[in-house]
Amino acid sequence: MTHKQMAAVKMPAKITVRPHQTGEAVFEAILSEDIEWKPFPAFPPSVRLAVLVGRPSEPGPYLIRVKVPRGVKLMPHRHPEDRIYTVISGVFYIGRGDEFQPDRLEAYPPGAVIVLPGNTPHFHWAKSGEYVTQVTAIGPLGLEYVNSRDDPRNQSSSV
């Protein structure tokens, strides 16, 4: 580039630096073997959740993964936030509606992306085996079951 061409290049008058989101201020790589899976009170006991980026309980973007073992059903529920699901492994069966209806389930293979608008009642079933989905959303995360009897947080434990 000649001196004259360099002088003609418009540079931004001011570079704006946006504040970093929670968990995004430092370069980081998260490997599958380093993911810390934990129970989540709003899920059946065998389901696991891992927080990868952000703080789902607070306002702002977050990224989580959910691992559901074969045969487990997540009964009809809704989230106030819009969500983007990416199927990481297994087959993700999801249906929409206020009642669990197996004939309304749609199967999505690894790599599929599902956009679920907030407050859409839906249900899941690990029908053919374990699946892992990755959820991207803007918190705070919310989960309300259509029927409160289906909510594991309302189950009394017998010890």
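Colleague: What is the strand order of the open sheet of five strands?

Modeller: In this predicted model, the order is β6-β5-β8-β3-β10, and the pairing is antiparallel.

Colleague: Why do β6 and β10 stand at the edges?

Modeller: Each of them, β6 (106-108) and β10 (144-145), has a single partner strand, so one side of each is left without a neighbour in the sheet.

Colleague: How do you know that β5 and β6 pair?

Modeller: Two strands pair if at least two bridges are found between them. Three bridges join β5 (residues 92-96) to β6, so the pair meets that cut-off. The two strands run antiparallel.

Colleague: Why is V113 called exposed?

Modeller: Exposed means over 50% relative accessible area. V113 has 51%, so V113 counts as exposed. The residue lies in strand β7 (residues 113-116).

Colleague: Which residues form a nonpolar patch with V113?

Modeller: I84 and V115 do; the patch is on the surface, and the three residues together have about 270 Å² of accessible area.

Colleague: What makes K67 partly exposed?

Modeller: Buried means under 20% and exposed over 50%. K67 has a relative accessible area of 23%, so it is placed in between, as partly exposed. K67 lies in strand β2 (residues 60-68).

Colleague: Which residues are in contact with K67, leaving aside neighbours within four places in sequence?

Modeller: They are W37, V47, R48, E130, Y131 and V132.

Colleague: How far apart are K67 and K38?

Modeller: C-alpha to C-alpha they are 9.7 Å apart in space, and 29 residues apart in sequence.

Terms used:
Residues numbered from 1 in each chain as written. Predicted model: local features only at pLDDT ≥ 70, side-chain atom pairs only at ≥ 80, totals over all residues. Heavy atoms only, no water. Patch = residues over 30% accessible without salt bridge, like charges linked within 9 Å, V, L, I, M, F, W, Y side chains within 5 Å. Areas by Shrake-Rupley, 256 points an atom, 1.4 Å probe, with all protein chains shown as cover. Salt bridge = Lys/Arg side-chain N within 4 Å of Asp/Glu carboxyl O. Helix = DSSP H or I, 4+ residues; strand = E, 2+ residues; numbered from the N terminus. Buried < 20%, exposed > 50% of the residue type's maximum accessible area, 1.4 Å probe, protein only. Contact = heavy atoms within 4.5 Å.
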